[in-house]
Amino acid sequence: MDFLRPASWEEALAAKAEHPTAVPIAGGTDVMVEINFDQRRPDYLMDLGRIGDLYEWEVGEDSVRLGASVPYTRIMENLRTELPGLALASHTVASPQIRNRGGVGGNLGTASPAGDAHPALLAAGAEVEAESVRGSRRILIDAFYTGVKRNALAPDELIRAVHIKKADGPQQFSKVGTRNAMVIAVCAFGLALHPGTRTVRTGIGSAAPTPIRAAAAEEFLNAALDEGGFWDNGKIITPSIARQFADLCSAACNPIDDVRGTASYRRHAVGVMARRTLTWTWESYRGTAHASEGVA
Amino acid sequence: MPNGAPTKITQASGTKGGIGESMLRPDGTLKVTGEFAYGSDMWHEDMLWGQILRSPVAHAEIVSIDTGEALAVPGVYAVMTYDDLPTEVKNYGLEIQDTPVLAHGKVRHHGEPVAMVAADHPETARRAAAKIKVEYRDLPVITDEASALAPDAILVHENRTDDHAAHVPHPNIVHRQPIVRGDVAEARRRADVIVEGEYVFGMQDQAFLGPESGLAVPAEDGGVDLYVATQWLHADLRQIAPVLGLPEDKVRLTLAGVGGAFGGREDLSMQIHACLLALRTGKPVKIVYNRFESFFGHVHRHPAKLYYEHGATKDGKLTHVKGRIVLDGGAYASSSPAVVGNAASLGVGPYDVDDVEIEAIGLYTNNPPCGAMRGFGAVQACFAYEAQMDKVAGELGMDPVEFRRRNAMSQGSVMPTGQIVDSPAPVAELLRRVKALPMPPERQWESSEGADVRQLPGGLSNTTHGEGVVRGVGYAVGIKNVGFSEGFDDYSTAKVRMEVVAGEPVASVHTAMAEVGQGGVTVHAQIARTELGVAQVTIHPADTQVGSAGSTSASRQTYVTGGAVKNACELVREKVLEMGRRRFGSYHPAWATAELLLEGGKVVTDGGEVLADLVDVLGDEAVEVEQEWRHRPTEPFDLRTGQGNGHVQYSFAAHRAVVEVDTELGLVKVVELACAQDVGKALNPLSVLGQIQGGTTQGLGIAVMEEIVVDPRTAKVKNPSFTDYLIPTILDTPTIPVDVLELADEHAPYGLRGVGEAPTLSSTPAVLAAIRDATGLELNRTPVRPEHLAGA
């Protein structure tokens, strides 16, 4: 195994072009576990630790450009307002030591259905900034996950950053595990209200071969909220709407039985989390709406 | 001596620091700050690394092994298979020598050692091991009682000649122990209610944090020095030496730093392999398992199926108990026979029942080998009989604690084995105490800033803000034996020396006791201070240069090696007083007439009069005693009736569990797990508290998360890592209020009672009872998983 240590982003791209099988490593919280357990023997390991740009973020007008290596701890500490869903998800990642090293770039690179960041990214709306010596492109998060632990990156591409839409409404993230901390998801759910576009977006983790959105559930809920004038009147969402939304989220799953949980439990739990996170975000939205009415 | 080998620990503690005082561990700070040298930290100049190749399948014939490519890897010094073993002794085992050092012709479980490599770098050794070509021909797997006892079942071990072979009903049964007392058929007629139940106990792992490790250094005399993290040096020695073809005095063992044990280091792991490679290459060889290998490298707690029938009268008196306990011992015997004996003899629990029929069996299967783990057979039984006690109470419409109280055993009670419990057995009192504790406040997650998810099921995973959460409360009590049972010669040895060093009287204590975290290293110094009146005590590293201390297990070390240290100290004191009488007897009549003590570095009368300074009594002489010490002997259980005084001492603990369950998601938060335990005498109260809280937490683990999952079709382990074998984090660990009783057992040193295991028993059934209380579900399996509680 050869160890590559590019000093700059340009060097990294050149090295990746020359050695497309090189495995990039930043925090190492995924890659090193696989290497230590002898499950992975890459020909080349490429350390991105010297590229400072990857550890930075910029808050723009509509979105946050999050460097691929920004540790989860930084997200929790600094981006709770702009990226509340991702901040909640970051809080559930492993242990403090791992949150100090791991970042969203690694979650995307591994593209495990159990990655904690994915449901939050799907719900918020995001684009992955991928780059190679051939140029830079943005991949819509919905199109990024292509299979179990597979993503849309070309062999010569590296993830430079993720562009995540700034929250324009409440967001929530829930994850079921069989331990109350430091646990890999049995399944997970992210939900974001987007009052600007009057839409709701979802993200489901560990309940299908890839992280997914519950498209039919979103369509149903968007239509129901629209028809009922809920965005304007701020009424409590009727239980039957919440229930049907939850059922459609369950139906969106395509889970398996494995050592962490059964398929039927995953489907069930996604439904419960969908109903609860919808309730929490909507309560929060109604509270905000009420306050702004008072100010007006 | 290698880097990282243990050194003497001198503990100075003013004039205090005797028994009964809370003392900090001498190695505590080092461990917390990461400076303590564990077995895996050892290093020796010119050292090689050993690597074991393990079977990828559970049951297969070995058609061929080709080591050619592995031997050709640069940096490889040796590759060994069964054919390279040097003597006729090729097996080892704690009770039955059925475990091959390296597989011969056949593998019997997933992860069985097949070959091994020594190389100059661990990575080279791993790569070379992967190049060994082994051709397997699969055999059908035996995974449970039905497949083990089927008419056409393959025998896991053919041609058995062990002590149990003659009395077992089938060769795939390691050992069977019935317990028969009274007349169950007759008692059954008196029962107003009869309750049956079937229970399943999952496979728990010891999950110690320091993986198996050791370093073997070949010696100039043709012998070998082995530094190893283990639980019982002399049992290791007895099994290692014959395989090496060396006399026991040429195999010298020293205890390396141990990172937890819980029973999992009682069997050999890498000891023989490292020694063989060291003798073959003439170089020091270190072997350290990684976490993945560790899950294959030690025995686990027996998974069990338990069938019970309890009868009771309307006024809440048990009429009879019938039980059948099937323990899966996996591919090799390990300590299965003793686990079977424990499960059978303690299978009724701490209750007075005159009419009992219990049968416990241990199976040979192709599942991972199972053996010793904290609680040792009593844990599985307690989970089931306590569920039964709640079920009977429910049938009777009686409070479960009141029902237990009416049947609780006490001093003078007769066990189902016929043994009289001849020391305090405060079962009802322990239950009363946990029940009387104030309840933790309801809805502790509520705060002015919304829900504190850390206080809720799911914790930081943010799954509920109070929705679906229901509280439940459950109680349980258990009984565990202390010490080795069934006629085993369970002795220990201590060498105590007293001399003047730099103008101070100093005691040194040398035993072969494995310090695995239990605190013997502190307790031995406390005993020496109490008995010899010195401030400074030096604890010698544990090794085989002194006689056996027995195992650090069965809650026995403070009792047995503590007893040996106390006894040796008393003999040293007699010699010291004899020296005093010789030197100073003529100066004071009290030397001849008074009861004399050693206190504060002086010889004093029981009236407190100082007769001499120890420094003057000892002068430049040293007093040294090495002596074996034994507790009361036990007897084997009768093979047909199970009658016999099989146990040395019993220990009791009771728990009250308060849980909150998210009934929609099936997630559990244990809010509080209160424990009351009788310890006879707390030699180090701080350490007693640690044992009780640790045992309680380990019991919680098997209640709600810990399980090695074995595929029933292939007998392969599915989760050999801490990613998927979950143990409780601090957020899963509740407040654990502890109420310690000290009712002396007059037969034991200082009246003490073994502490370490009893809290592991009742913790699990208390949590299960609380979850049943919250959900109304029957829950006959542990660990409980979310899908058992919701959405299955």
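This is a predicted model: local features need pLDDT of at least 70, side-chain atom pairs count only at pLDDT 80 or more; totals for chains, interfaces and linings use all residues.
**View 1. Domains 1 and 2 of chain B and the contact between them.** The domain assignment of chain B gives three domains, of which domain 1 is made of residues 9-37 + 491-630, domain 2 of residues 40-139 + 211-258 + 265-297, and domain 3 of residues 417-485 + 643-789. Taken over C-alpha atoms, the centres of domain 1 of chain B and domain 2 of chain B are separated by 38 Å. Where these two domains of chain B meet, 16 residues of domain 1 are in contact with 17 residues of domain 2. On the side of domain 1 of chain B that touches domain 2 of chain B, the residues divide into seven nonpolar, seven polar and two charged.

**View 2. The contact between chain A and chain B.** To this contact chain A brings 30 residues and chain B brings 32 residues. On the side of chain A that touches chain B, at least two residues each are supplied by α4 (84-91), β11 (171-176) and α12 (263-295) of chain A. The largest share of that side, eight residues, comes from α12(A). Sorted by class, the side of chain A that touches chain B has 14 nonpolar, eleven polar and five charged residues.

View 3. Leaving aside residues up to four places away in sequence, H234(B) touches A512(B), T544(B) and S548(B). G397(B), by contrast, is 163 residues from H234(B) in sequence and 53 Å from H234(B) in space, C-alpha to C-alpha.

**View 4. Strand β12 of chain B with its partners β13(B) and β15(B).** Strand β12 of chain B, residues 213-218, is mostly covered, as five of its six residues are buried. β12(B) runs antiparallel to strand β15 (residues 285-288) of chain B, to which four bridges join it, and within this pairing A216(B) has V285(B) of β15(B) as its bridge partner. β12(B) also pairs in the antiparallel sense with strand β13 (residues 224-228) of chain B, here over five bridges, and the bridge partner of L215(B) in β13(B) is Y227(B). Together, β12(B) and β13(B) form a hairpin that has five residues between the strands, and in its turn G222(B) has a positive phi of about 85°.

How values were computed
Residues are numbered from 1 along each chain as its sequence is written. Chains are lettered from A and ligands numbered from 1 in the order in which they are written. Domain bounds come from an automatic or database domain assignment. Two residues are in contact if their C-beta atoms, placed from the backbone, lie within 7 Å. Ala, Val, Leu, Ile, Met, Phe, Trp, Tyr, Cys and Pro count as nonpolar, Asp, Glu, Lys and Arg as charged, and the others, Gly among them, as polar. A residue is buried if 20 or more other C-beta atoms lie within 10 Å of its own, exposed if 12 or fewer, and partly exposed in between; C-beta atoms are placed from the backbone. Two strands pair if DSSP finds at least two bridges between them.
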